[in-house]
Amino acid sequence: MSKKSSKNIKQSFKLPLKINPITTIQKLAKKFSYLLLIGLFMISMVVTPVVAKSLGESNSLVENQNTSLEINSESNDNFCGDSNVDKTITEWQNKVQDFRDSGNKLNQAIALSNLSVIYQKNCDWNNAQNSINQSLNILQNLEKTNEQQQILAQTYDIKGHLEQQIGQSLKAIETWEKAANIYSEIEDENSPSGLFTNNLINQTQALQDLGLNNRSCDVLANSFGFGEQCFCLVNAFTGDNPNQTNNPLENQQSRQQCNPEIKGFADVNSLIQNLQGYSSFPDEAVFNRALYSAGNVLQSLFYLDESQWALEASLVVAKNRESLVDESKTLLSLGNTLFENKQPDMALEYYEKAEETANKAQLSLLKLQAKINQFNVYALQKKWEKSKELDAITNDLNNSNLPLNRSSIYTKINLAKNIYCLETRESNCLKQGEANNNSPNYKPIWLVENNSPVVDLLSQAINEAEILEDKHTESYARGLLGRFYEDYSPQNLDEAIKFTKEALTISRNIEANDLNYQWYWQLGRLLLIDNEINDKPEQELKAFSYYRQAYNILQTLRSELSTLSKDVQFNFRDEVESLYRKYVALLLKNPTDDSSYLVAARNTIETLQLAELDNFFREACIRLNPETIDKIIKKAVEDDGNPTTAVVYTIVLDDRIGVILNIPEQPLQIHETMILKEDVFSLINGAEDNQDDGLVNYLNNQTRLASDITKYSSSIYDWLIKPFEDSLTKNKIENLVFVLDDPLRNVPMSVLYNEKSGKYLVEEYSIAITPGLRILESQPLAKFKSNNNNFGAGLTEEKIIEGTRFDALDDDNVRKELKAIPNMEKPLLNESFKKEKFTDQVEDNSYNIVHLATHGVFSSVLDQTFVLTWDGVIKAPELDGLLQNKEVNSSTPIELLVLSACETASGDKRATLGLAGIAVRAGARSTLATLWQVNDGTTSNIMVKFYDEIKNNSKINRAKALQDAQRKFLQEARERKNNLNPRHLNPYYWSPFVLVGNWL
């Protein structure tokens, strides 16, 4: 593979943030700096500064005086305070004076720039700032030449690094952008391209500080020569390794279009050769920085396999360069990636190696960071006895004379959190949440005393942030201290409120919404506790206001960034779900005269569910243009003159189930059943100590009696339907659309049992479910069912894929099922149903119905949600991409996607998230799927009936067609017709079919 010249590589760069860059970044940074908390706290990332380097080559006067302005690259890293630089400071001060006395302004500026670097090395921020400002004042008043401009750009690079170190990343981006603009103007064959590349990497790191991880990825991709295309950077580290599962561009043709000279790799050495051959980095040091930054950026975007590849490559290059600094940094980041990727044992091994290497390099800060991160693993593994070692680490930290910079402050915060987690025996401590729900197993008394090491460390962090004037870090540390008092010291409630209010005042002043939502939430919780302890009912109204503000900020954070990092998505299940649910509980507790509070509660639960889907796909889930359910119902009423559809919204709270009913042209209705959430989960999923119990387990077991199932499903009927029976009957409702909260999503609504009538819900209503209040508008069946544009594929033979055995499906039944599809082209069956052929056929044709009679699994894990083909699997991201491409490129959307032999992942209580994700993201107007697999022909029986209803009834809708198919199946089982018998009355056989999306 031929290398590109440096000039060609530089010409392939796109200058980042060229048009009004700072205005854009400021707007984004004020809203999306969430990862500053996680990145600096958990990762304790160490950054390599840019230095005045190679200037001696362009300045003969400096060379003649034997004054080298090059600084050893290993001394440039962000470990200020780790070596004695007093002598070097004196030397550079003398050079500054000599050049000042001789009137050599240019060299004086160069010397001042290098002096600033040395001051930064010594953590002397005031002198560093004074030196760099003096240098800039001189340079800006000199005649503009290429040499002067190059030195000016490098000086801006040094100033940007200073600003980043003291927590002013937004200013750093502005400064580095000035340097980048200069580099773009003066670049030629003789310009050191490494300076421009380093500048891009600098911007990458500052953008990460601000939580702008996707923007950071774009800029870093530019440094590799991929233009500002993050997905190309992701693919560059995917290669041909079969273990790579997160790649957003599995299609090889797309990858080749993205970066045609990267052919894939099987090991780290081939990866290094590929990227060096394609990108032509000017030297190994810059290449190493780029690889390291790529690993951290990919980690922040949760491309963890790709992150591991990039960091392993960086580690190889660091070892080749014999750079202990780079090696120890990379080992630490590798540990973080493996920790995030749920490989704690390997993470611990890398943390230990990082500690050992940092010790050899005499890097005290990084050594401490590596040691402290080991305790994240210990907490996860519940090795509580390790807490005894924290005293020694605390002493090391106090005695190590750490530098005063943001990295050292977050090291203290990280240690405080580890002490807190291990001493309280909680692996997930000090995160936002409803404080009284999860009491710790162990409360050492010293934790709540004034001399607590947790309080002491957080107080140190606050003081040091004040000195640096790092408002964001100060706010975070103050709020965290308030969180500490909230959780384990209710007698110090006033202290908790005080620190939280101080944190909120600071974060509001700097418009840091990533912190604002946390402190509003925290303050709301504290006021509710105050009311509970001290009987202050006025506090509840204030708390409600704070919850509302926290919720509104979260909505802003989600809606204004189309592709969110993992942490900005908040991992809703673990991070902020309790905020949403508590806000809903307060809404329902504070009703107004109209139904606006019900609308707000309904919308809040929907945003939680859509956020879960976004989190599932790691990006905004709905990319098409959905319509509200209300408008679709209204349109159906106008077309048919009959308001036959009602929508049922369910809300599962800690102590009750709330159900909101929406009947067209009527106010919303609500009914609440007082029942503990754990009892709801137990009834549906089984108790913790009896996993064979519960409705879902009974439904999946064909040997269970129908009476066992109705015992449970009648309770759910009483919660959801019974309170509204009169309204439904009076308004002649025929179809019910459910927006289900967890864990009700795991239950097919068709099986709900009315003890009074002795009927299942499907015998009384047609049923559809939707993940949210917005769905894709659809053509009625009558408008497309006669078209000759439907397609099916099936797989009947046994397969072993990725070590998993999939049993054979009955060949006759699958063929009957496919044959029943109206006006279908020749299906792909068995060996003809190959992944590539299926992809080509769906992309190249316009189909209204796509029917897949094959094994598939729905899981709450993205890469474990798939359908089976003859030669492999089509995973959720690939199916999503395929069908979305068809949506964009075709005037005929997929009206109905049928997945007839799929099932929810065994033991995964949130597996229907995968079904909902496919249904929403596929672009199909409706998705018909099975929640478990029925192997004895009943699937094909019901599918044939479903298609017969479509073919024979010109006015039928999708939900009604499914209802009639299930009702006829039940009737035939009762009458023992068509090879059916009474055992098929068991819901196991007929209830797993669910219609997701548009019901018309």
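**Notes on selected local features**

1. Ala361 has a relative accessible area of 22% and is therefore partly exposed. Ala361 belongs to the loop that runs between α18 (344–360) and α19 (364–380). Although Ala361 and Ser323 are 38 residues apart along the chain, their C-alpha atoms are separated by 9.0 Å. It should be kept in mind throughout that this is a predicted model.

2. Helix α6 (residues 105–121) deserves a check of its length. Just after α6 comes Cys123, with a positive phi of about 60°.

3. Most residues other than glycine have a negative phi, and most peptide bonds are trans. Against that background, Glu511 may be noted: this residue is not a glycine, yet its phi is positive, at about 55°. Glu511 sits in the loop between α24 and α25 (513–534). Its relative accessible area is 43%, so Glu511 counts as partly exposed.

4. A further case is Asn979, a residue other than glycine whose phi is positive and near 65°. The loop that holds Asn979 lies between α40 (958–975) and α41 (987–990). Is Asn979 buried or exposed? Asn979 counts as exposed because its relative accessibility is 78%, and the cut-off for that class is over 50%.

5. The peptide bond between Asp742 and Pro743 is cis, with omega of about 10°. Pro743 is placed in the loop between β5 (735–739) and β6 (753–754).

6. Salt bridges form the next topic. How many salt bridges does a search of the whole structure find? The search finds 33 salt bridges. In general terms, side chains of opposite charge can pair when their charged atoms come close.

7. Arg321 and Asp326 meet through their side chains in a salt bridge, at 2.5 Å from N to O. For Arg321, the relative accessibility is 21%, so this residue counts as partly exposed. Asp326 has a relative accessible area of 10% and is therefore buried, the cut-off for buried being under 20%.

8. Lys412 and Glu464 form another salt bridge, in which the closest N and O atoms are 3.3 Å apart. Because Lys412 lies in helix α21 (residues 406–424) and Glu464 in helix α22 (residues 453–468), this pair ties together parts that are 52 residues apart in sequence. Both Lys412 and Glu464 are buried.

9. The salt bridge of Glu495 with Lys498 has its closest N and O atoms 3.9 Å apart. Where do these two residues lie? Glu495 and Lys498 are both in helix α24, three residues apart, which is about one turn of the helix. Glu495 is partly exposed, given its relative accessible area of 29%. Lys498 likewise counts as partly exposed, at 37% relative accessibility.

10. Which residues are linked in a network of salt bridges? The network consists of Glu466, Lys471, Glu474, Arg478 and Glu502.

11. Asn492 is found in the loop between α23 (471–488) and α24 (493–509). Its relative accessibility of 21% is why Asn492 counts as partly exposed. Asn492 and Gly482 are ten residues apart in sequence, and their C-alpha atoms are 9.7 Å apart in space.

12. On the surface, a patch of negative charge is formed where Glu836, Asp840, Glu843, Asp844 and Asp871 gather. One of these residues, Glu843, lies in helix α36 (residues 835–844). With a relative accessibility of 39%, Glu843 counts as partly exposed.

Conventions:
Residues are numbered from 1 along each chain as its sequence is written. This is a predicted model: local features need pLDDT of at least 70, side-chain atom pairs count only at pLDDT 80 or more; totals for chains, interfaces and linings use all residues. Side-chain values use heavy atoms; hydrogens and water are left out. Patches are made of residues with over 30% relative accessible area and no salt bridge: like charges are joined within 9 Å, nonpolar side chains (Val, Leu, Ile, Met, Phe, Trp, Tyr) within 5 Å. Accessible areas come from the Shrake-Rupley method with a 1.4 Å probe; for residues, only the protein chains shown count as cover. A salt bridge is a side-chain nitrogen of Lys or Arg within 4 Å of a carboxyl oxygen of Asp or Glu. Lys and Arg count as positive and Asp and Glu as negative; His and the chain ends are not counted. The place of a charge is taken as NZ of Lys, CZ of Arg, CG of Asp or CD of Glu. Helices (H or I, at least four residues) and strands (E, at least two) are DSSP runs, numbered from the N terminus. Buried means under 20% relative accessible area, exposed over 50%, partly exposed in between (1.4 Å probe, protein chains only).
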